[in-house]
Amino acid sequence: MKSAILTMLRSSKGTVSGPFMAKTLGVSRVAVFKHIKVLKESGYEIDSGPGGYFLKSWGDFVYPFEFADRQKNIHYFESLESTMDEAREMARQGCPPNTVVIAGQQTRGRGRLSRKWLSNAGGLYFTLVLRPSLPVALAHRALFAASVCLCKVLRDLTGVAAMVKWPNDILVDEKKLVGILSEMAGEGDLVSHLNLGVGINVNNSPHAFEPKSVSIKELLGKPFPRRLILEAFLDKMDDCDPVARNIIDDWRELSCTLGRRVIIQTPRQQIEGIARDVDTDGALLVERADKTVERVTYGDCLHQIMEPQQ
Ligand code: BTN
């Protein structure tokens, strides 16, 4: 109902009368009044007057009722330690595929390689539970699919020059806009759930923690509604077959890593060279100075400033 009320308020240029809303939605005026009250308490700026209701600003909310048809699979929390923990528990309890756990803020947000992920208000922090019929060995494709889908969505919606960095970050002008973390459980050789944790700097200021970062708000000079990004990302993921070979081709096209001089820090070694390609398993192929090629499956990738010598 709240979803329908918001749609009516947003599609109207002026005030919408209570009786008109009640009639259109097939509910009582009191029911409309009660829903409007809850929306106001949730932060929506709705003016009520003799002529009816008027939405003063669209607001930047990611409550389940903002996602009409998907709302039953969307779980919103004002604050969580980490959406990964909540989503893992839900996945273990058998939640449906495409369940999304969103947090307004995280108190112990996690990044790759045991790092922290600063999760202050205004950012978009969520974990998407996937249940792809994939062998464990192909699970990385879903991760590449997620970074490709999100990169395209951010470019299309906001116009920012987003690019993917190996393995799954999204950068603009070498500054980090998005981080993606994954957790997987398997049954035998098959994936039972694959949880994708996504942190996007949208209307927050990430610099206090990470100087080489940027948010959409800073890039555009104005806030951008987080719900539009999440909705478009979920739609794109629905249409994306993670097993398709072209995921890696798409990743190559959007990559700011390939052709660059990189240093890859792994727990065991440091590999330095030029990032030549990514293979179908998502491994980075790094050509060292002696022309030998190292296949890197895991590690921290640092882009070097120097342009590569061919
Ligand atoms: C990285 O670049 O290191 C990955 C960062 C992933 C952050 C997201 S925010 C939502 C989800 N919950 C977490 O605790 N981490 C991921």
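Which side chain has an N or O atom 2.6 Å from an oxygen atom of the ligand? To find out, keep in mind that this is a predicted model, and select the ligand together with K176, whose side chain supplies that N or O atom at 2.6 Å from a ligand oxygen. Taken alone, the ligand exposes 410 Å², of which the protein buries 98%.

A backbone N or O atom of R110 lies 2.7 Å from an oxygen atom of the ligand, while a polar backbone atom of R112 is 2.6 Å from a ligand oxygen. Altogether 19 residues surround the ligand, and the closest are S82, Q106, R110, R112 and K176.

From Q106, turn to strand 4 by selecting residues 99-106. Of its 8 residues, 7 are buried, so strand 4 is largely enclosed by the rest of the structure. Now select residues 74-80, which form strand 3 and pair with strand 4 in the parallel sense over 6 bridges; here L80 stands opposite Q106.

Finally, select residues 124-130, which make up strand 5 and are joined to strand 4 by 5 bridges, the two strands running antiparallel.

Definitions and conventions. Residues are numbered from 1 along each chain as its sequence is written. This is a predicted model: local features need pLDDT of at least 70, side-chain atom pairs count only at pLDDT 80 or more; totals for chains, interfaces and linings use all residues. Side-chain values use heavy atoms; hydrogens and water are left out. Buried means under 20% relative accessible area, exposed over 50%, partly exposed in between (1.4 Å probe, protein chains only). Helices (H or I, at least four residues) and strands (E, at least two) are DSSP runs, numbered from the N terminus. Two strands pair if DSSP finds at least two bridges between them. A residue is near a molecule or strand if one of its heavy atoms lies within 4 Å of it. A polar contact is a pair of N or O atoms within 3.5 Å; within protein, one must be able to donate a hydrogen and the other to accept it, and residues adjacent in sequence count only if both atoms are side-chain atoms. Accessible areas come from the Shrake-Rupley method with a 1.4 Å probe; for residues, only the protein chains shown count as cover.
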